[in-house]
Amino acid sequence: MKNLANFAEIVDEAARTAKAIPQFVGDDEMTLDEAYAVQAMSVSRRIQRGERRVGFKMGLTSRVKMEQVGVSEVIWGRLTDAMRVEEGGVLDMGGYVHPRVEPEIAYLMKKPLSGDVSPMEALAAVEAVAPALEIIDSRYENFKFALGDVVADNSSSSGFVVGGWHAPETDVANLGIIMKFDGRPVEIGSTAAILGNPIRSLVAAARMVARSSERLEPGYIVLAGGATAAAHLAPGVHVSCEFQNLGDVEFRVA
Ligand code: 0L1
Ligand code: MG
């Protein structure tokens, strides 16, 4: 019998100590439900250490992201308060294995949402939308993983930065994005790369987390997924990202 708690401990320790581990799960060795159970157990360990749940991230919601990591299914992960980096703040590379950054759209929930919902119902549950950056950090050596591995590893969740909030009716369907390192563009894209419209990612989030008896809670942040490929971070880099109509988000790597 598989020891899912043992997998959870291994992956949580890798994240806690920022030490890479070999890929340990093949798709044929762990079902997707088991991988999400490992994820839940690893995040419970964080909660036991005093962290607080603050939302969800959706992952691999764009073709470019799927191609970058060779996994072609939308996935999700759980966010905690310890993962949040203040807008304009500093990210300490020492706490990460090999972090990357990608531009996203964040939703702030005002009502619970779960199960099969329409885009209109999803939007009615939103308090605000914001430009955001996600810092992903696979705990697997060389960012090499299969679907089960990455889901068990909390879908590479490790950090996020949220910019200024806007009214929920703000149109975020197709907004231009320029992500820069030290003022030089490294990724250019559009929010339309996120499942054609980021609201579809929120709809998918409500449906997918329900399978694990979770729901999008009032006050939760939901990251809709990367709009471009993710870019490798390095010490000293200043990351800034311009979102059309939404403003900028930035942080520095120490
Ligand atoms: O889109 C994402 O946030 C993907 C997370 C999992 C894959 C990766 O680490 O790039
Ligand atoms: Mg992401």
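Why does Cys241 count as buried? Because 27 other C-beta atoms lie within 10 Å of Cys241; the cut-off for buried is 20 or more other C-beta atoms within 10 Å of a residue's own, exposed means 12 or fewer, partly exposed is in between, and C-beta atoms are placed from the backbone.

Some housekeeping before the points. This is a predicted model, where local features need pLDDT of at least 70, side-chain atom pairs count only at pLDDT 80 or more, and totals for chains, interfaces and linings use all residues. Residues are numbered from 1 along each chain as its sequence is written, while chains are lettered from A and ligands numbered from 1 in the order in which they are written.

1. Cys241, continued. This residue sits in strand E11, residues 238-243 (helices are DSSP runs of H or I with at least four residues, strands are runs of E with at least two, and both are numbered from the N terminus). Leaving out neighbours within four places in sequence, Cys241 is in contact with Pro103, Pro131, Leu133, Ile177, Met179, Asp248 and Val249; contact here means C-beta atoms, placed from the backbone, within 7 Å. Glu9 is another story: 232 residues away along the chain, its C-alpha is 35 Å from that of Cys241.

2. The ligand shell. Ligand 1 is surrounded by 14 residues, with Gly59, Val69, Ile136, Ser138 and Ser156 the closest (a residue is near a molecule if its C-beta atom, placed from the backbone, lies within 6 Å of it). Strand E1 (53-59), helix H3 (63-69) and strand E5 (126-136) each put at least two residues into this shell. By type, the shell splits into 5 nonpolar, 6 polar and 3 charged residues.

3. Two serines worth a look in the backbone. Ser155 has a positive phi of about 50 degrees despite not being a glycine, and Ser156 has a positive phi too, near 65 degrees. Ser155 is in the loop between H5 and strand E6 (157-162), and Ser156 is found in the loop between H5 and E6 as well. Ser155 is buried because it has 23 C-beta neighbours inside 10 Å; for Ser156, also buried, the count is 28.

4. The core. The largest nonpolar core has 71 residues, and Ala106, Ala132 and Val222 touch the most other members. Strand E5 gives the largest share of this core, 7 residues. The core is a set of buried Ala, Val, Leu, Ile, Met, Phe, Trp, Tyr and Cys residues joined through C-beta atoms within 7 Å. Beyond four places in sequence, Ala132 touches Glu104, Ile105, Ala106, Phe160, Val161, Val162, Gly163, Leu223 and Val249.

5. Helix H2. Residues 32-48 make up this 17-residue helix, which reaches 24 Å from first C-alpha to last, close to the expected 24 Å at 1.5 Å a residue (the expected span is 1.5 Å times one less than the number of residues). Its buried residues include Ala35, Tyr36, Val38 and Arg46. Among the elements covering the buried residues of H2 are helix H1 (4-17), strand E2 (75-80) and helix H5 (147-152). Gly50 follows H2, with a positive phi near 110 degrees.

6. Thr80, from the E2 side. Thr80 is found in strand E2 and is partly exposed because it has 18 C-beta neighbours inside 10 Å. Not counting residues up to four places away, Thr80 touches Val43, Arg46, Glu51, Arg52, Arg53 and Val54.

7. Helix H6 and Val209. H6 covers residues 198-210, 13 residues in total, and reaches 19 Å between its end C-alpha atoms, close to the 18 Å expected. E1, E2, strand E4 (100-109), helix H4 (119-124) and strand E9 (221-223) are among what covers its buried residues. Val209, in H6, is buried because 21 other C-beta atoms lie within 10 Å. Phe56 is 153 residues away along the chain, yet the two C-alpha atoms are 8.9 Å apart, and Phe56 is one of the contacts of Val209, along with Trp76, Ser114, Glu214, Arg215 and Leu216.

Terms used
Ala, Val, Leu, Ile, Met, Phe, Trp, Tyr, Cys and Pro count as nonpolar, Asp, Glu, Lys and Arg as charged, and the others, Gly among them, as polar. Two residues are in contact if their C-beta atoms, placed from the backbone, lie within 7 Å.
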